[in-house]
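We will walk from stop to stop, selecting a few residues each time.

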Amino acid sequence: MIIDSHIHISTYSDNAKNLKEAFILFLEEMKKNNLSAAIIIPDNVEGSDKIADLAKAIELIGDSKNLFLLGSPQIIQRGSSEIKKYQKLLEEGRVKGIKFFPGHDPYYPNDERCLPYYELCEKFDVPVLFHTGENSGDCECAKWNDPRYIVEVAKKYPKLKVIITHYFWPKMEYCYETTKEISNIYFEIAAMADAEVIEKSGGIEKVREVLRKTIIERPDKVMLGSDWPMCKIEEHVELVKSLKLARDVEGKIFRDNAIKIYKLSL
Ligand SMILES: [Zn+2]
């Protein structure tokens, strides 16, 4: 039983002609990789026919019992004005947390406009997730999501579960050092098994070393994610397996931590 906490429904890798097809393709991937559940992350750009936004993702998953969603407010376009919308979505359990895209969009995690969403997530005891690191072919974007800003958020909201995804690649060691004292910081490993990410981050042994020590220090705070379809699910499963963790710890990374952290009812 494996849960992938970082899936997009998109046609970005020319895998499908439209979003409906991309979704069906994902259901096949789920079976192939023995996923028992997944968290689908809608894009913050709305109305694209290449990647599902929240409305499209809600439509696609229907009343599925093992597919979950995150919210992704439009900070640049709408500031904090979507608070009521997200309060309702959280109340109804339609979203299990909120994802922020600093670096895709030009704002910092400690931006004033984000704070009401952090308060909301703290109140509902659900996580916030931060996109970090470079985007493929664009290293400028990493300046917006430096973990030092994320640490500021985690310190300001000590009860908030703050999840970092992509480990601020290629500067994984820096991200580890910057966050290691902060107990409400969590990690989700999407893209860490991607060939470009591994190469630019210092090779597979470096990636394994950072991940291994993070898991040893925070066995309850690291979870599997892949960033499918841009990255492969099986390569991320393999990365975790290659760490040769104790069986119960491996189970936490593959499944148990996601259930607890996102409060998934399965
Ligand atoms: Zn992603």
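**Before you start**

The model is predicted, so a local feature needs pLDDT of at least 70 and a side-chain atom pair counts only at pLDDT 80 or more, while totals for chains, interfaces and linings use all residues. Residues are numbered from 1 along each chain as its sequence is written, and side-chain values use heavy atoms, with hydrogens and water left out.

Helices (H or I, at least four residues) and strands (E, at least two) are DSSP runs, numbered from the N terminus.

**Stop 1: the three-stranded sheet**

Select residues 2-7, 35-40 and 67-69. The 3 strands form an open sheet in the order β1-β2-β3, with parallel pairing; two strands pair if DSSP finds at least two bridges between them. β1 (2-7) and β3 (67-69) are the edge strands with a single partner each, so one side of each has no neighbour in the sheet. On average, neighbouring strands here are turned by 20° against each other, direction ignored.

Zoom in on β2 (residues 35-40) and β3, which pair in the parallel sense over 3 bridges. Look for Ala-38, which stands opposite Leu-67 in β3. Angles run from 0 to 180 degrees between N-to-C directions, and axes are lines fitted to C-alpha atoms, for helices over the stretch in contact.

**Stop 2: α1 against α2**

The contact (heavy atoms within 4.5 Å) is made by Leu-19, Lys-20 and Phe-23 of α1 with Lys-56, Leu-60 and Ile-61 of α2. By class, this contact has 4 nonpolar, no polar and 2 charged residues. Ala, Val, Leu, Ile, Met, Phe, Trp, Tyr, Cys and Pro count as nonpolar, Asp, Glu, Lys and Arg as charged, and the others, Gly among them, as polar.

**Stop 3: the zinc ion**

Which residues coordinate the zinc ion? Select His-6, His-8 and Asp-227: the histidines use NE2 and the aspartate uses OD, at 2.1 to 2.3 Å. Donors are N, O and S atoms within 2.8 Å of the metal (3.2 Å for Na, K and Ca), and water is not among the atoms, so sites may look incomplete. Along the chain, the donors follow the spacing H-x1-H-x218-D. His-6 lies in strand β1 and Asp-227 in the loop between β8 (222-223) and α10 (233-241), so this pair ties together parts that are 221 residues apart in sequence.

**Stop 4: the five-stranded sheet**

Next, find the open sheet of 5 strands, in the order β4-β5-β6-β7-β8 with parallel pairing. The edges are β4 (98-100) and β8, each with a single partner strand, so one side of each is left without a neighbour in the sheet. Select β6 (residues 162-165) and β7 (residues 185-188), which pair in the parallel sense over 4 bridges. Thr-165 stands opposite Glu-188 in β7. Helix α5 lies across β4 and β5 (128-131), running at about 150° to β4.

**Stop 5: α4 beside α5**

Select residues 83-91 and 115-124. These helices, α4 and α5, pack at an angle of about 20°, with their axes 11 Å apart. They are therefore roughly parallel to each other. Show side chains to see the contact, including Tyr-86 and Leu-90 of α4 and Tyr-117 and Leu-120 of α5. The residues of this contact divide into 7 nonpolar, 1 polar and 2 charged.

**Stop 6: some backbone details**

Most residues other than glycine have a negative phi, and most peptide bonds are trans. Select Asp-125: this residue has a positive phi of about 55° although it is not a glycine, and its place is in the loop between α5 and β5.

Then go to Trp-169 and Pro-170, joined by a cis peptide bond with omega of about 5°. Pro-170 is in the loop between β6 and α7. Finish at Trp-228 and Pro-229, where a cis peptide bond has omega of about 5°; Pro-229 lies in the loop between β8 and α10.

Methods: Angles under 35 degrees count as roughly parallel, over 145 as roughly antiparallel, 65 to 115 as roughly perpendicular and the rest as oblique.
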